[in-house]
Amino acid sequence: MKILKSLLVVALLFLLPITVANAQLPEVTTQMPQLETVSINNADAGMLAQLPGIGKKKAQAIVDYRQENGDFENLDDLSNVKGIGKKLLEKLEGKISL
């Protein structure tokens, strides 16, 4: 019986750090800073390339399109750039601005 109690105490001691870490997780995530959006009318190719689904070539295509056609009037205009469709626009939602 002593062995069983000892094992139970040891098991609880191993679980204690896990429960404490989980209890602190919401605090940590609420303190994380919100990322700012990237302006598709002002960002250079390097900044645009950091967006999900946008590599160096698409980023340069966005800059080239902007230089040839002027600033984007709304976010959906980004779909006029070759290689950018509805799915990618959905992925970029909340991450880009004008």
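Contact, as the word is used in these legends, means heavy atoms within 4.5 Å.

**View 1. The protein chain as a whole, in a predicted model.** Among contacts in the protein chain between residues at least 6 apart in sequence, 51% join residues at least 24 apart. The secondary structure comes to four helices and two strands, where helices (H or I, at least four residues) and strands (E, at least two) are DSSP runs numbered from the N terminus, and from that terminus on the elements run α-β-α-α-α-β. Of the 98 residues in the protein chain, 21% are buried; buried means under 20% relative accessible area, exposed over 50% and partly exposed in between, with a 1.4 Å probe and protein chains only. Residues are numbered from 1 along each chain as its sequence is written. Because the model is predicted, local features need pLDDT of at least 70 and side-chain atom pairs count only at pLDDT 80 or more, while totals for chains, interfaces and linings use all residues; side-chain values use heavy atoms, with hydrogens and water left out.

**View 2. Helix 3, residues 56–69, and its two sides.** Helix 3 has 14 residues and reaches 20 Å from its first C-alpha to its last, close to the 20 Å expected at 1.5 Å a residue, the expected span being 1.5 Å times one less than the number of residues. Ala59, Ile62, Val63 and Arg66 are buried in this helix. They cover an arc of only 90 degrees around the axis, which puts them on the same side of helix 3; the arc is that of the directions from the helix axis to the C-beta atoms. On the other side, Lys57 and Glu68 are exposed. The cover over the buried residues of helix 3 includes helix 2 (45–48), and the helix is followed by Gly70, whose phi is positive, near 85 degrees.

**View 3. The largest nonpolar core.** A nonpolar core is a set of buried Ala, Val, Leu, Ile, Met, Phe, Trp, Tyr and Cys residues joined through side-chain atoms within 4.5 Å. Among the 18 residues of this core, Leu48, Leu51, Ile54, Ile62, Leu78, Ile84 and Leu92 touch the most other members. Helix 2, helix 3 and helix 4 (86–92) are the elements that give two or more residues to it.

**View 4. Ile54 in the loop between helix 2 and helix 3.** At 4% relative accessibility, Ile54 counts as buried. Leaving aside neighbours within four places in sequence, Ile54 is in contact with Leu48, Ala49, Ala59, Ile62, Ile84, Leu88 and Leu92. The C-alpha atoms of Ile54 and Leu88, which are 34 residues apart along the chain, are separated by 8.6 Å.
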